[in-house]
Amino acid sequence: MFVKAKFSILALAAGLAAGIPAYAHHSFAAEFDGSRSQRLTGTITRIEWSNPHSYFFIDVKDEKGNIVNWGCEGAGPGALTRRGWKKGDVKLGDTLIVDGYPAKDGSHLMDARRVTLPDGRSVSGGSAGDGGPGDELTAVDPAKAKK
């Protein structure tokens, strides 16, 4: 009887978990418009160094002089570190230049394909293999990989 009850609880939990939409890795085309590239220059207001995507938020002055906060989605921390962008390289208040593609829904979210850091280094910010424009820029070059 105990085993049957334990199995029922486990089955119920699995069923409930399956019904919750997963906030996880997605394809580029599902969220971003690859036909409209854009460049933003802004001041960092927040950094989320997390998996499967890292996010940073920048205040950008629009054409009317208003400050708009943009979310920029990049690859996970491990991929960014392998490309030369370490967690401590940027801090709140730093200015970044972000080249990427805006969200299809018109929100202030963009896919950050290339990011110019405050020290002038330019790093690939995209997620390798997501199918987005310039995806070859985000792939690890085997000739440059550490052995």
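Author: The questions below go from the whole chain to its rings, cores and strands. This is a predicted model, in which local features need pLDDT of at least 70 and side-chain atom pairs count only at pLDDT 80 or more, while totals for chains, interfaces and linings use all residues. Residues are numbered from 1 along each chain as its sequence is written, and side-chain values use heavy atoms, with hydrogens and water left out.

Reader: What makes a stretch of the chain a helix or a strand, and how many are there in the protein?

Author: Helices (H or I, at least four residues) and strands (E, at least two) are DSSP runs, numbered from the N terminus. The protein has four helices and six strands. Their order from the N terminus is α-α-β-β-β-α-β-β-β-α.

Reader: Why is W85 called buried, and what is W49 called?

Author: Buried means under 20% relative accessible area, exposed over 50%, and partly exposed in between (1.4 Å probe, protein chains only). W85 has a relative accessible area of 3%, so W85 is buried. W49 has 22%, so W49 is partly exposed. Over the protein, buried residues make up 36% of the 147 residues.

Reader: How many aromatic pairs are there, and why is the pair of W49 and W85 called edge-to-face?

Author: Rings of Phe, Tyr and Trp (its six-membered ring) pair if their centres lie within 6.5 Å; planes under 30 degrees apart count as stacked, over 60 as edge-to-face and the rest as tilted. The count by this rule is two aromatic pairs. The ring centres of W49 and W85 are 6.2 Å apart and the planes are at 65°, so the pair is edge-to-face. The pair links distant parts of the chain, 36 residues apart: W49 is in the loop between β1 (38-48) and β2 (54-61), and W85 is in the loop between α3 (77-82) and β4 (95-102). W49, F56 and W85 form one aromatic cluster.

Reader: What makes a nonpolar core, and how many residues has the largest?

Author: A nonpolar core is a set of buried Ala, Val, Leu, Ile, Met, Phe, Trp, Tyr and Cys residues joined through side-chain atoms within 4.5 Å. The largest has 20 residues, and those with the most contacts inside it are F56, I58, W85, L96, V98 and V115. At least two residues of this core come from each of β1, β2, β3 (67-74), α3, β4 and β5 (109-116). A second, separate core has seven residues, including F28, F32, Y101 and L109.

Reader: What is L96 in contact with?

Author: Contact means heavy atoms within 4.5 Å. Leaving aside neighbours within four places in sequence, the partners of L96 include L40, I44, F56, V90 and V115.

Reader: How do you know that β4 is largely enclosed, and which strands does β4 pair with?

Author: Six of the eight residues of β4 are buried, so β4 is largely enclosed by the rest of the structure. Two strands pair if DSSP finds at least two bridges between them. β4 has six bridges to β1, in the antiparallel sense, and six to β5, also antiparallel. Q38 stands opposite G100 in β4, and P102 has M110 in β5 as its bridge partner.

Reader: What is the sense of the pairing of β3 with β2 and with β5?

Author: β2 and β3 run antiparallel and are joined by eight bridges, with N69 in β3 as the bridge partner of D59. β3 and β5 run parallel, with three bridges.
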